[in-house]
Amino acid sequence: KYVPLIVTSAPGMSLKPMARHLRNMQVMAMRQMFRPSRYRLHPFAGAARSFAVAAKEPEYHTGGNFEGYHLFHRSAPFTFRNGEQIPELQIAYETWGHLNNKKDNVILLQCGMSASSHACSHARNPAPGWWEEYIGPGRPLDTNLFYVICTNNLGGCYGSSGPSAINSHTGQRYGSSFPRFEVQDQVAAQFVLLDHLGIDQVHACVGASLGGMQSVCAASMFPDRVRKFVSISACAKSFPGSIAFRHAQRQAIMSDPNWRGGDYYDGQLPANGLRLARQLGTITYRSGLEWQQRFGQSLAKGITKREGLKNEFMIENYLAHQGEKWVNAYDPNSLLWISKAMDGFSLEKPDRDGKPSLLEGLKEAMMPALVIGVQHDVLFPVWQQKEIADTLRKAGNKGVVYYELDSIYGHDSFLLDAVSIGPAVKGHLEQEPDGARHIWEELASSAVGFLQAISQRGSTADSMRDIFRALGNGEKEVERDRLKAMVKLVWSGRVNEAAVDKAFESMAKEPLMELKQFMDMRQALTEAMSDTYLP
């Protein structure tokens, strides 16, 4: 319920302007903290954001601007589950919000196959991120509460170790020599980063698509280090349909003569293969219903009649555009290596009879879980998300919530339909058990201490005017009980609360008070401050 406050001052600022600055901040903070309950859903000014879904394309990348990330470098070898190694590990990551003293307000945001660590704009990179609508003050991943970390996946091409990275032993790009890896290896690399940052436990793992696979994987692999998780449009075991789609994408790239077995970095990019792979992927990311409403059989701009074999329908031009914009924006080898990891993904473990069992693989994931599926998703059908939720419940998890959406955006709904997905994510992250109450209490304690420090800088009259204006928010009258509560809060430890109660009982008979009536109580409240205070 309380606002964290940060005070900054310019060098050479005189005492009087600083005092005015502090009092203004006090007024703003008190307005937020003591608004009537109907305003308290987002207690930060300007925090409530619109989640309106527009006709738009996802921010899969930022137009080539991948600056502003942090780079974690571990010089020791990183060993994959299959026993292979790379001589060093690099993980690109970006952060939003502030890490609290206990380091227990961390959200690990896990991204999809082709996404970078740039999930949201920030001072080091103002370009929009791929989850721009979800991260920030008052948003689902509320940076007033949480410290959000997003990494570029192991195997990616936006700063982390992958086929396009330099092998420190050879001085050349890995190319075809980069080891095959699994989704579990990607999650293990993320937790190596958390170890480096001194983070023992995350508040939650949140992910969609490949990121959703990673979130449930992290809950299974590190049950003592994950307090909650959110898995959107994902699975706990890949199925033949999605494997087939990704196989077709890989074949498009590998059939391009310029691919050269994966060692093309000193020559021509397999651009034709990448274009086609991206077009194939786009077909799986969206839904036929959306395209029927959006394109139908409409002809492309400038086409007046059908002839020859050129692109003539709007949908053809749309797919061609999607393929073209991916050239020089994503590494073909990253698609190959990561898609192979996705194909082989399974959280099954042998049961007592030695048979692969998803129940056995998820039995340690007993933390609160939010699982979301989309009915029009052809890449990760909703039965896969329901399988996660049902298996967790069968394993004994009592904190599983499953939502199934009818969004027409298909698999890309997690990028485009924030109005449906955002509130569910926010509610899951902040509600008890294991919610955000302890973080709010920590912020409240800091805010109260700050307000008390400010009140000591000015006169009693100044403080009383600030209290009234903060609570009144432009109104001429303020509720008596709210004024009394604020007086006790701001002067806590310096005022005799019984004397404050007595002063209000004798001088404030009506439930509403004007500023003059409140200021008339100055002498009585000053005397209450001089009385011996026994908490």
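Predicted model: local features only at pLDDT ≥ 70, side-chain atom pairs only at ≥ 80, totals over all residues.

User: Okay, how many helices and strands does the protein chain have?

Analyst: The protein chain has 18 helices and 16 strands.

User: And what share of the residues is buried?

Analyst: Of the 535 residues in the protein chain, 54% are buried.

User: What about contacts between residues 24 or more positions apart, what's their share?

Analyst: If you take the contacts with a separation of 6 or more, 73% of them are between residues 24 or more positions apart.

User: Switching to aromatics. How many aromatic pairs turn up in the whole structure?

Analyst: The search gives 15 aromatic pairs. One of them is Phe78 with Phe80: the ring centres are 5.4 Å apart and the planes sit at 90°, so this pair is edge-to-face.

User: Are those two buried or exposed?

Analyst: Phe78 is buried at 5% relative accessibility, and Phe80 is buried too, with a relative accessible area of 3%.

User: Which residues do the ring pairs link into a cluster?

Analyst: The cluster takes in Phe78, Phe80, Tyr174, Phe178 and Phe181.

User: Let's move to Leu89. Where does it lie?

Analyst: Leu89 is in strand S4, which covers residues 89–96.

User: Why does Leu89 count as buried?

Analyst: Because its relative accessible area is 0%, and the cut-off for buried is under 20%.

User: Which residues does Leu89 touch, leaving out those up to four places away in sequence?

Analyst: Its contacts are Phe72, His73, Arg74, Ala76, Phe78, Leu154, Ser161, Ala189 and Val192. Phe78 in that list is also part of the aromatic cluster. As for Pro77, its C-alpha atom is 6.9 Å from that of Leu89, with the two residues twelve apart along the chain.

User: Now helices. At what angle do H4 and H8 cross?

Analyst: H4 (residues 240–254) and H8 (residues 332–343) cross at roughly 155°, and their axes come within 10 Å. That makes H4 roughly antiparallel to H8, since angles over 145 degrees fall in that class. The crossing is left-handed.

User: Which residues meet there?

Analyst: From H4 you have Ser242, Ile243, Arg246, Gln249, Arg250, Ile253 and Met254, and they meet Pro332, Leu335, Leu336, Ser339, Lys340, Met342 and Asp343 of H8. By class, the residues of this contact are seven nonpolar, three polar and four charged.

User: And H15 with H16, what are the angle and the axis distance?

Analyst: H15 (residues 480–490) and H16 (residues 497–507) pack at about 155°, with the axes 10 Å apart. H15 and H16 are therefore roughly antiparallel.

User: Is that crossing left-handed or right-handed?

Analyst: H15 passes H16 in a right-handed crossing, while H4 and H8 cross left-handed.

User: Which residues make the contact of H15 with H16?

Analyst: Arg480, Leu483, Lys484, Val487 and Lys488 of H15 meet Glu497, Val500, Asp501 and Phe504 of H16. That contact has four nonpolar, no polar and five charged residues.

Note on methods. Residues numbered from 1 in each chain as written. Heavy atoms only, no water. Axes fitted to C-alpha atoms, helices over the stretch in contact; angles between N-to-C directions. Helix = DSSP H or I, 4+ residues; strand = E, 2+ residues; numbered from the N terminus. Parallel < 35°, antiparallel > 145°, perpendicular 65-115°, else oblique. Left-handed = near helix turned anticlockwise from the far one by under 90°. Contact = heavy atoms within 4.5 Å. Nonpolar A, V, L, I, M, F, W, Y, C, P; charged D, E, K, R; others polar. Phe/Tyr/Trp six-rings, centres within 6.5 Å; stacked < 30°, edge-to-face > 60°. Buried < 20%, exposed > 50% of the residue type's maximum accessible area, 1.4 Å probe, protein only.
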